[in-house]
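Grab a pencil and get the viewer ready. Here are a few exercises on strands and cores, each with a worked solution.

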Amino acid sequence: MLRIGIILLLTTVASYAELTLPALFTDGMVLQRDQKVPVWGWTDPGAEVTVSFAGQECTAKADADGKFMVRLKKMKASTNPQIITVSSGDDSVEIKNVLVGEVWLCSGQSNMQMSVKGSDNFEKEQAAANYPLIRMFLTNQRATRELQKDCKGSWKVCTPDNVGAFSATAYFFGREIHKDLDVPVGLIRSCWGGTRIEAWSPMASLEKFPAVVEYKA
């Protein structure tokens, strides 16, 4: 039993120490222009972390829980695909094909969830959807009462093959911004059709109304 306990402990420590970034920080992402951009993740408590991007190099030290955050300096829009490198000790993570432009959170219920595939004139829209500077982060749906530090999802470049799964509202909005401003556009789709408004409220506020928290549709 003691040997098994030691093995489990070592496995837990090794897993915890691994340099990890949120799903949002993956290949194909877009960073917000003209703003200090936060880059965060998890590693060994107290470990030093270095983030490099577009000639910048920022360092931070992870807190007692292993979380770290740096803020990149303000950057102008850029269509040049670049690499974010995050390193801590012997661990290193590269995020490729990163652009700088406009980033918008596209959240809501059924009106935001409706896909381009379900919109009018889909075949025509699909054929014209060749916008490599428009990317959408598609989140997976997961219900939980606990505040989450991360989500599951991935960035997709706008192509005729990918656009069908995009939120129609977000896509057409992002396309207009891209045409008007001539900068890359990142759209973060976080939506769930048919959900109750309580699901979008902080649990701390809902706990004041036990009947609401316990309600099951």
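**Exercise 1: Partners of β7**

Keep in mind that this is a predicted model. Your task: find which residue of β7 is the bridge partner of L31, then work out how the two strands run.

Solution. Start at L31 and look across to β7: the bridge partner there is V100. Next, check the direction: β1 (residues 30–32) and β7 pair in the parallel sense, over three bridges.

**Exercise 2: Around the hairpin**

Solution. Count the bridges and you get seven, with the two strands running antiparallel. For one spot to look at, take V86, which stands opposite V93 in β7. Now go to the turn: two residues lie between the strands, and G89 takes a positive phi near 60°.

**Exercise 3: On to β10**

Find the bridge partner of S107 in β10, and say how β7 and β10 run.

Solution. From S107, step across to S190 in β10. Strand β10 (residues 185–191) runs parallel to β7, and seven bridges join them.

**Exercise 4: Into the core**

Which residues touch the most other members of the largest nonpolar core?

Solution. This core has 26 residues, and the ones to pick are M29, L31, F53, L72, I84 and V86. Then ask where the members come from: β2, β3, β4, β5, β6 and β7 each supply at least two. Zoom in on M29: leaving out residues up to four places away in sequence, its contacts include L24, I84, I95 and W155. Finally, look for a second, separate core: it has 19 residues, among them V116, Y131, V163 and V185.

Terms used:
Residues are numbered from 1 along each chain as its sequence is written. This is a predicted model: local features need pLDDT of at least 70, side-chain atom pairs count only at pLDDT 80 or more; totals for chains, interfaces and linings use all residues. Side-chain values use heavy atoms; hydrogens and water are left out. A nonpolar core is a set of buried Ala, Val, Leu, Ile, Met, Phe, Trp, Tyr and Cys residues joined through side-chain atoms within 4.5 Å. Buried means under 20% relative accessible area, exposed over 50%, partly exposed in between (1.4 Å probe, protein chains only). Helices (H or I, at least four residues) and strands (E, at least two) are DSSP runs, numbered from the N terminus. Contact means heavy atoms within 4.5 Å. Two strands pair if DSSP finds at least two bridges between them.
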